[in-house]
Amino acid sequence: MRTRDVLRGTAALMCIVALTGCTTVKGWFGGKKAKPNEPAALVEFAPSQTVDRLWSTRVGKGEGRSGVRQGPVVADGRIYAAAVSGGVTALDLQSGRKLWTHESKLRLSGGPGVGGDLVVVGSLDGEVIALDAETGAERWQAKVPNEVIAAPAVGPGLVFVRSNDNRVTAFDAASGQRRWFWSHDVPPLSVRGNDAPLVGPGLIFVGNDDGTLTALSANDGNPLWEVPVGQPEGRTELDRMADVDGTPVLDGQVIFATSFKGSTLAIDGPSGRPMWAAEYGGPGRIGVSHDRLVVSDATGNVHGLDKGTGSAMWSQPALALRKLTAPAVQGDYAVVGDFEGYLHWMKLDNGEFAARVRAGRKALRAAPVVADGILLVQNIDGDLSAYRLQ
């Protein structure tokens with residue numbers, strides 16, 4: 001079955017679900033309504049969960065208005081964070097204590113990515129730098145032809161760097177020598193931003209600005225299959241934007257990918273065969289639990305989808321136009337950040353608000369990251385905070 005047929009066939013089912021399921025969210029919200037094209041005012045609710053801030057620290061001057069989504073990465077109980085001005089910092093996950101800082105004059109916008117004993121970051125000028133994960137000492141530097149605003153992906157023996165011209169370059173993890181590169185056409189208009197490639201067994205998966213997802217051989221970069229996640233349809237270039245800008249998720253052999261166009265696809269990883277499609281999606285990453293997927297769309301709605309079928313379980317419209325981050329899952333809750341620095345926790349089973357805290361007064365653009373039950377969020381000013389649910 002062609003992917004277009006899957007998308008169209010699922011559309012009717014999604015419409016029925018949306019019409020029959022809307023009553024589940026009526027009556028949740030109150031307060032003053034926002035004016036058209038203005039961010040929704042925050043609604044009041046009785047919190048059902050308590051959130052504790054464990055610690056907060058500064059990891060540089062942040063991304064400012066550069067348009068990147070710079071967030072931390074966690075491995076082996078350590079956090080690695082970078083800033084456009086401020087280098088790379090390693091911290092202890094539980095305490096926030098700084099373990100080392102690698103000072104750099106490079107405008108480090110992409111990353112960090114971590115794997116094995118390497119931490120890798122890219123810059124707005126196309127430099128790539130690999131550091132020792134234990135000490136922060138430089139291992140090697142390399143160069144790509146365009147700015148890097150996505151975290152590099154580190155796989156067995158290779159580092160994969162996506163630059164903003166929709167090109168993926170593979171470097172030898174030990175030496176930094178270029179092994180291969182692959183490029184994909186960029187449409188005339190696309191969303192500012194992209195995300196790391198996804199590393200799978202012998203494969204890497206790359207979301208493209210034209211709405212497709214491509215599987216490449218990790219050894220040589222040869223494309224094995226390509227599937228449209230969002231259809232670039234419409235009368236204008238703006239209407240046709242369908243970027244797959246969030247790193248896909250690999251769950252067993254199933255890949256979940258979402259598109260700015262407002263669609264999410266489940267794909268059989270080895271074959272590229274679409275399994276189901278849903279007409280809910282967004283420009284960032286997908287939050288994943290044991291039975292739910294959570295996506296935040298371009299207009300600020302948050303949707304909970306059944307992981308096995310793509311059916312819409314709930315929609316939360318009360319954060320419209322608040323420039324939401326992609327969602328993360330912490331325990332039984334989905335979490336998104338917004339342009340005023342607020343974090344919002346919603347129940348995974350029905351989308352109701354459970355808690356809200358303000359991480360700071362600067363915007364949150366990068367998706368929160370959850371590790372060992374701790375939620376981490378980095379704002380555009382370089383402030384990194386950690387939260388735990390009681």
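1. Gly202 counts as partly exposed because its relative accessibility is 48%; on this scale, buried means under 20% relative accessible area, exposed over 50%, and partly exposed in between, with a 1.4 Å probe and protein chains only. The model is predicted: local features need pLDDT of at least 70, side-chain atom pairs count only at pLDDT 80 or more, and totals for chains, interfaces and linings use all residues. Residues are numbered from 1 along each chain as its sequence is written, and side-chain values use heavy atoms, with hydrogens and water left out.

2. Staying with Gly202, you will find this residue in the loop between strand S14 (198-200) and strand S15 (203-207). Helices (H or I, at least four residues) and strands (E, at least two) are DSSP runs, numbered from the N terminus. Setting aside neighbours within four places in sequence, Gly202 contacts Leu216, Ser217 and Ala218, where contact means heavy atoms within 4.5 Å. Ser217 is 15 residues away along the chain, yet its C-alpha is separated from that of Gly202 by 6.3 Å.

3. Ser163 is worth a look too: it sits in strand S11 (residues 158-163) and is buried, at 0% relative accessibility. Not counting residues up to four places away in sequence, Ser163 touches Val144, Asn146, Glu147, Val148 and Asn194.

4. Next, please check Asn166, in the loop between S11 and strand S12 (167-172). Its phi is near 65 degrees, a positive value in a residue other than glycine. Asn166 is buried, with 1% relative accessibility.

5. Asp372 also deserves a glance, with a positive phi of about 50 degrees although it is not a glycine. Asp372 lies in the loop between strand S30 (369-371) and strand S31 (374-378), and is exposed at 58% relative accessible area.
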